[in-house]
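Below are my notes on the fold, taken point by point. Please read them with the coordinates open.

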Amino acid sequence: MRKPCCDKQGTNKGAWSKQEDQKLIDYIRSHGEGSWRSLPKAAGLHRCGKSCRLRWINYLRPDIKRGNFAQDEEDLIIKLHALLGNRWSLIAGRLPGRTDNEVKNYWNSHIKRKLISMGIDPNNHRLNQTLPTPYPNPPSASMNDASQPLKSCAAVDNDRISDAASCLDDETPAAAPHVDLDLTIAAPSPKPLSTTVQQKRQIVDKLVIAEDVGTDEPPPTTLLLFS
């Protein structure tokens, strides 16, 4: 575990006074920056070593450049941030007279918002690719689905039966027109007999008549019943 830079008890906190600033300036001009741990005690300051370092680097250093950032400085910050990221001390080292804290504050308050307004992602310095918004569902369909209550199984079955019945009704053909048909059955007319069949029937009739009368007349010799 790292040892704290100084004893927190008995140190001043808050805004620096003009007397404290002058003590720090006089000591560094005479002895240089040196070790920030031992500087507060040597300079006669009741301050933490970290507080003395930040006060000197960010406010009391003679080469600090005050005022607004120029356009060339802003462009350089954007290029360096694209290469180095949030390494503010390295970025400030390329800007003479600018501190890392000042560069960081200017990035968050001005440059970052400017890039976002231009449609550029300040994290990777790329254009934001916005996906097309999907086509919304028709409001009528969604409202109908939400407004209709859920049907029970019996209701669903009844709906299916009614749908099937309606389909059968649609498929039933139209009634045929009334036709008055005469369904009287008549006996078929006899076909004319051939000459041979007529001769055979005549011979048979003569035999029958002869038997009934009792004559001894011999039957004809040429009786062809079946040919």
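1. C48 counts as buried, at 12% relative accessibility (buried is under 20% relative accessible area, exposed over 50%, partly exposed in between, with a 1.4 Å probe and protein chains only). C48 is found in the loop between α2 (39–43) and α3. Its C-alpha atom is separated by 9.8 Å from that of G10, 38 residues apart along the chain.

2. On provenance: this is a predicted model, in which local features need pLDDT of at least 70 and side-chain atom pairs count only at pLDDT 80 or more, while totals for chains, interfaces and linings use all residues. Residues are numbered from 1 along each chain as its sequence is written, and side-chain values use heavy atoms, with hydrogens and water left out.

3. The secondary structure comes to nine helices and two strands, where helices (H or I, at least four residues) and strands (E, at least two) are DSSP runs numbered from the N terminus. In order from the N terminus, the elements run α-α-α-α-α-α-β-β-α-α-α. Of the 227 residues in the protein, 19% are buried. Contact means heavy atoms within 4.5 Å; among contacts between residues at least 6 apart in sequence, 50% join residues at least 24 apart.

4. Helix α1 (residues 18–31) packs with helix α3 (residues 49–60) at an angle of about 90 degrees, and their axes are 11 Å apart. Axes here are lines fitted to C-alpha atoms, for helices over the stretch in contact, and angles run from 0 to 180 degrees between N-to-C directions. The two helices, α1 and α3, are therefore roughly perpendicular to each other (angles under 35 degrees count as roughly parallel, over 145 as roughly antiparallel, 65 to 115 as roughly perpendicular and the rest as oblique). On the α1 side the contact uses D21, L24, I25 and I28, which meet C52, R55, W56 and L60 in α3. These residues divide into six nonpolar, no polar and two charged. In this classification Ala, Val, Leu, Ile, Met, Phe, Trp, Tyr, Cys and Pro count as nonpolar, Asp, Glu, Lys and Arg as charged, and the others, Gly among them, as polar.

5. D21 lies in helix α1 and is buried, with a relative accessible area of 12%. Leaving aside neighbours within four places in sequence, D21 is in contact with W16, R55 and L60.

6. W16 sits in the segment before α1 and is buried, with a relative accessible area of 13%. Not counting residues up to four places away in sequence, W16 touches D21, L24, L45, R47, S51, C52 and R55. From W16 to S51 the separation is 35 residues in sequence and 9.6 Å in space, C-alpha to C-alpha.

7. What is centred on W107 in α6? There is a kink of about 45 degrees at that residue, the bend at a residue being the angle between axes fitted to the seven residues ending there and the seven starting there. At 1.5 Å a residue, the 18 residues of α6 (residues 100–117) should span 26 Å, and the end C-alpha atoms are 24 Å apart, which agrees. The expected span is 1.5 Å times one less than the number of residues.

8. Buried residues in α6 are V103, Y106, W107, I111 and L115, and the buried residues of this helix pack against α4 (71–84), α5 (88–93) and β1 (120–121). The α4 and α6 axes are 11 Å apart, at an angle of about 90 degrees, and the two helices are therefore roughly perpendicular. In α4, Q71, E74, I77, I78 and H81 meet V103, Y106, W107, I111, K114 and L115 in α6. The residues of this contact divide into seven nonpolar, two polar and two charged.

9. R98 is in the loop between α5 and α6. At 3% relative accessibility, R98 counts as buried. Not counting residues up to four places away in sequence, R98 touches R61, K65, R66, G67, N68, F69, E73, A92 and V103. The C-alpha atoms of R98 and I64 are separated by 6.1 Å, at 34 residues apart along the chain.

10. Two backbone angles deserve a look. Just after α6, G119 takes a positive phi of about 80 degrees. H125 has a positive phi of about 60 degrees although it is not a glycine. Most residues other than glycine have a negative phi. H125 is in the loop between β1 and β2 (126–127) and is partly exposed, with a relative accessible area of 22%.
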